[in-house]
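This report describes one protein chain for a reader who is new to structures. Look over the sequence and the model before reading on.

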Amino acid sequence: MEQFQGGYRFSPTEEELINDHLMRKVLGYTDHCIVPELEDFYAWDPWDLPRVHQEISNVPSDGWDWYFLCPSPYLAQNSERIKRKTSSGNWKITSQRDEIKTRDTRVLIGSKRILTFYKNRVKTGWILHEYHLNHKLLDGYSSTLQIPYVLCRLKRKPGESFDISPSFEGGESSVTDDTPIAAEHESTEDTDQESSYQATLESLSQIELVDDNHPNYYSHYSYAPQPYVYGDNQGNDFFNP
């Protein structure tokens, strides 16, 4: 993939992603495919993927969007379960499936799922858009689950850092995105939060409480109300000194 000059970006529409890239990949037209293919996409932590993208496409890793073609991640041919767990966390679906239609004819050409990466049960700023083809447009495929490729768009929210230690060690993981996280992780997290909260309370100085005996503001002459005294002429002395 050639490096773009300053001011130029690879910014395709969703219709172009499906028709011009994913569809061509599934049909075998890969002569001019500029979206790199990564076989083990879901095994990598998201902060490692920009570096991987740069290595296989020769495009600088700084930016906000990275595109990958990857083999269908379904565990079985007729199963909707997808293995999306890495060594540091997992991708969680955060939206309903959105339909992608052509702009002019409004033909349904595919769908999109939005996922968010959670590291140690904490939500991060890494987002994934997962694009799937409509199997009815292809001969020989009776289900979307049978289509051999999906297109993934990795996004980094502003403020999300790249400076996270790489954690990819290779190998396969048998855990899927719907596998519950171990209970001991949750209990350890709750214990740490409670200990931190208790330490914070102990570090605070004691607050002196004010009792019900409020100060008497009339004890000082400046607060005591003064009667309004008129002169002999009921106030006329102010005008006739």
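## Burial and helix α1

A residue is called buried when its relative accessible area is under 20%. The model discussed here is predicted. In helix α1, the buried residues are Leu-17, Ile-18, His-21, Leu-22, Met-23, Lys-25 and Val-26. An α-helix has 3.6 residues a turn, so residues three or four places apart point the same way. The cover over the buried residues of α1 includes strands β1 (65-71), β3 (98-101), β4 (108-119), β5 (122-133) and β6 (149-156).

Helix α1 covers residues 14-27, which is 14 residues. After α1 comes Gly-28, which has a positive phi near 95 degrees.

## The whole chain

The protein chain contains three helices and six strands. Along the sequence they follow the order α-α-β-β-β-β-β-β-α. Of the 241 residues in the chain, 33% are buried.

Among contacts between residues at least 6 apart in sequence, 65% join residues at least 24 apart. The chain exposes about 16500 Å², and carbon and sulfur atoms supply 47% of that area.

## Cysteines

How many disulfides does the model have? The count is zero, taking a disulfide as a pair of cysteine sulfur atoms within 2.5 Å. For Cys-70, the nearest cysteine sulfur belongs to Cys-152 and is 3.7 Å away, so Cys-70 is in no disulfide.

Cys-70 is buried because its relative accessible area is 1%. Cys-33 has a relative accessibility of 29%, so Cys-33 counts as partly exposed.

Note on methods
Residues numbered from 1 in each chain as written. Predicted model: local features only at pLDDT ≥ 70, side-chain atom pairs only at ≥ 80, totals over all residues. Heavy atoms only, no water. Helix = DSSP H or I, 4+ residues; strand = E, 2+ residues; numbered from the N terminus. Expected span 1.5 Å × (residues − 1). Buried < 20%, exposed > 50% of the residue type's maximum accessible area, 1.4 Å probe, protein only. Contact = heavy atoms within 4.5 Å. Areas by Shrake-Rupley, 256 points an atom, 1.4 Å probe, with all protein chains shown as cover.
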